[in-house]
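Visitor: Could you take me through this one? I would like to begin with how its spaces are described.

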Amino acid sequence: MSYAVRAFPLRRPVGELMAFVAALRGSRRAEAEAAYRRYGVLLDTWHIQDTPFGPWVLVVTRIDDCADIEAYAASSDEFEVWFKSTVLALSGSDPNKAPLGPPTTELYTWTGATIVGGEAGQS
């Protein structure tokens, strides 16, 4: 099981992001749920953060098997095409080329009473 953590600048108005979210919660909910299951997504959580550089969208995805993500990048299913093209329009990040977004390196994790080292290699 893996986590994909991404941060994207929002390049379109917040209202367009909220319309996308509304579609995923409403009219396209069944398609979204089916796609998440198809690609082994166990959790997908989105956050918006206002920064001095404008709003950013932060996404954390828990995936059962990252190998499935290549199938997502290659998919031409109508829902996936809509989803990926909307992500591209909103953020400028192309899920067909980088399905998990820009690469990230975990630096720090805290769980319970334990600090786990990431890149720094300390625990």
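Guide: On a 1 Å grid over the protein atoms alone, a cavity is a set of points where a 1.4 Å probe fits but cannot get out; a pocket is an open set with protein on both sides within 12 Å along at least five of seven lines, and lining residues have an atom within 4 Å of a point. The model is predicted, so local features need pLDDT of at least 70 and side-chain atom pairs count only at pLDDT 80 or more, while totals for chains, interfaces and linings use all residues. Residues are numbered from 1 along each chain as its sequence is written, and side-chain values use heavy atoms, without hydrogens and water.

Visitor: Okay, which residues line the second largest pocket?

Guide: Its lining consists of Tyr3, Val5, Val60, Thr104, Thr105 and Glu106. Three of its lining residues are nonpolar (Ala, Val, Leu, Ile, Met, Phe, Trp, Tyr, Cys or Pro), one is charged (Asp, Glu, Lys or Arg), and two are polar (the others, Gly among them).

Visitor: And the largest pocket, what volume does that have?

Guide: The largest pocket has a volume of about 430 Å³. It is lined by 17 residues, and Val21, Leu24, Arg25, Asp44 and Trp46 are those nearest its centre. By class, the lining divides into 10 nonpolar, five charged and two polar residues.

Visitor: Which element gives the largest share of that lining?

Guide: That is β2, with six residues. Helices α1 and α2 also supply at least two residues each.

Visitor: Let me step back. How many helices and strands are there?

Guide: The protein has four helices and five strands, taken as DSSP runs (H or I of at least four residues for helices, E of at least two for strands) and numbered from the N terminus. Along the sequence they follow the pattern β-α-α-β-β-α-α-β-β.

Visitor: How many cavities of 30 Å³ or more does it hold?

Guide: The structure holds one such cavity.

Visitor: New topic: where is Arg28, and why does it count as buried?

Guide: Arg28 lies in the loop between α1 and α2. It counts as buried because its relative accessibility is 13%, and buried means under 20% relative accessible area (1.4 Å probe, protein chains only). Setting aside residues up to four places away in sequence, Arg28 touches Ala23, Glu78, Phe79 and Trp82.

Visitor: What percentage of the protein counts as buried?

Guide: The figure is 28% of its 123 residues.

Methods:
Grid points are joined across faces, edges and corners, and a volume is the space filled by probe spheres set on the points. Buried means under 20% relative accessible area, exposed over 50%, partly exposed in between (1.4 Å probe, protein chains only). Contact means heavy atoms within 4.5 Å.
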